[in-house]
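Please read the following report beside the sequence and the three-dimensional model.

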Amino acid sequence: MSRSFLSVTELSSRVKEGLETLFPYPVVVKGEASNVKVYSSGHCYFTLKDEKSMISCVIWASQIEKLSFMGQKIPKEGEEILATGRLAYFGGRGSVQLTVLAIKPFGIGDALQALEELKKKLSAEGLFDDSKKRALPEFPEAIGVIAGENSAGLKDILHNLELRWPLAKVFVFPSLVQGKEAPKDLLRALSLAATKALDVLIIGRGGGSSEDLWAFNDETLVRSLAKFPCPVISAVGHEVDTTLVDYVADKRVSTPTGAAVAAAPDSQEVLQTLDHMGERIKKALKSRLLVVKQAVELLKAKPIFQSPKNILEQRAAKLETMKVSITGICLRKIEETKGSVSFLKAKISSLNPYSVLDRGFTITTDKNGIPITDLENVEKGMIIRTKLKSGIIISETKGKETING
């Protein structure tokens, strides 16, 4: 049996289906933001309205972080915006809500789109990479500041730099910070700053609307800052405001005071640290001196320092004893060597063929001095030489005889 009615759940389901079919993602709605509230959960709820109607909107906390990364922010009360999102129907309470995923201030939507494209291009080139961020100097000697002339932000920076680190020399480069001529004037100030031997550069201004901060999105300015010879601190706008200068800077802060804190150490803290280090050095020296003193006392207690004369006399006596002993050993060794030499000399003399001459023997050689040791080597008429102890007899052989046994 067919029914002629719908349950509330069925109706809600069809309404939800119909809405999502009629208004597929993305839905872009123009209106004025009102009742803007951010809760402790991090979610932002507001109403988007015009002269006749309104619709509830929500930006989830996770999406707020993404909006900030894209250079967007939570709408201000009464601000006219273009909200891009997904239309949702909640059957439980019978209400329609726009889940916002992107926001653009109405009137500069095209400019924001161009800015987003420029941001992506520069990011792809690596200008915003963390690996290119330079460390700020610990104790700067020269600090440059680019800011509006006589502006509250400039005065705040200079005042805090003087309080924190009066040792640094501060160079101020006044510039326009908003308006059509601001980008050109900021580049002029930056070129002038590059002529100084700076340790760190601060570029900044106070908060303002997106239009007020637009000069700090200039592509030429961003590229020049990326190539600046010293680290750069960006202090443009407040925490919710983000410009391309913030992305390219080596350090981003949200206030002029924060810029001074980032650029210079606190002299009072440095003095306290030095005092603390001085006390530690004193304690270390005292401890070291105590150790040395104890070592000296131990040395003083040693016999050599108690009676050095006695020890020297003992050592001298010992050396004398050693001298006598060594002398005796050397003399005995010399006598032994003499005896060996005499024995060897006698042995060598006994082996000398000419030593037989002393005993009355003779040595006979041919005329060339070659000894004749066998009768076979002698022929009749041969000239022979007979060596005696006192001289040589030269003669001619008449013959030879063999002596038998």
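## Lining of the largest cavity

In this predicted model, the residues that line the largest cavity are Ala147, Ser151, Gly153, Leu154, Ile157, Gly204, Arg205, Gly206, Ala235 and Pro256. Two elements, helix 4 (152-164) and strand 8 (200-205), each give two or more residues to this lining, and the largest share, three residues, is contributed by helix 4. Sorted by class, the lining consists of five nonpolar residues, four polar residues and one charged residue.

As for volume, the space in the largest cavity comes to about 40 Å³, and the structure holds one cavity of 30 Å³ or more.

## Helix 4 and helix 8

Two packed helices are described by the angle between their axes and by the distance between those axes. For helix 4 and helix 8, the latter spanning residues 256-263, the axes come within 8 Å and cross at roughly 35°, and the crossing is right-handed.

On the side of helix 4, the contact is formed by Gly153, Asp156, Ile157, Asn160, Leu161 and Arg164, which meet Pro256, Thr257, Ala260, Val261 and Ala263 in helix 8. By class, this contact of helix 4 with helix 8 has six nonpolar, three polar and two charged residues. Gly153, Ile157 and Pro256, which take part in the contact between the two helices, are also among the residues that line the largest cavity.

## Alanine 124

Alanine 124 lies in helix 3, which covers residues 109-124. Its relative accessible area is 69%, and alanine 124 is therefore classed as exposed, since the cut-off for that class is over 50%.

Alanine 124 and isoleucine 64 are 60 residues apart along the chain, and a distance of 23 Å separates their C-alpha atoms.

## Threonine 243

Threonine 243 belongs to the loop that runs between strand 9 (232-236) and helix 7 (244-248).

When residues up to four places away in sequence are not counted, threonine 243 touches Leu213, Phe216, Asn217 and Val236.

How values were computed
Residues numbered from 1 in each chain as written. Predicted model: local features only at pLDDT ≥ 70, side-chain atom pairs only at ≥ 80, totals over all residues. Heavy atoms only, no water. 1 Å grid on protein atoms, 1.4 Å probe; cavity = no way out; pocket = protein on both sides within 12 Å on 5 of 7 lines; lining within 4 Å. Points joined across faces, edges and corners; volume = space filled by probe spheres on them. Helix = DSSP H or I, 4+ residues; strand = E, 2+ residues; numbered from the N terminus. Nonpolar A, V, L, I, M, F, W, Y, C, P; charged D, E, K, R; others polar. Axes fitted to C-alpha atoms, helices over the stretch in contact; angles between N-to-C directions. Left-handed = near helix turned anticlockwise from the far one by under 90°. Contact = heavy atoms within 4.5 Å. Buried < 20%, exposed > 50% of the residue type's maximum accessible area, 1.4 Å probe, protein only.
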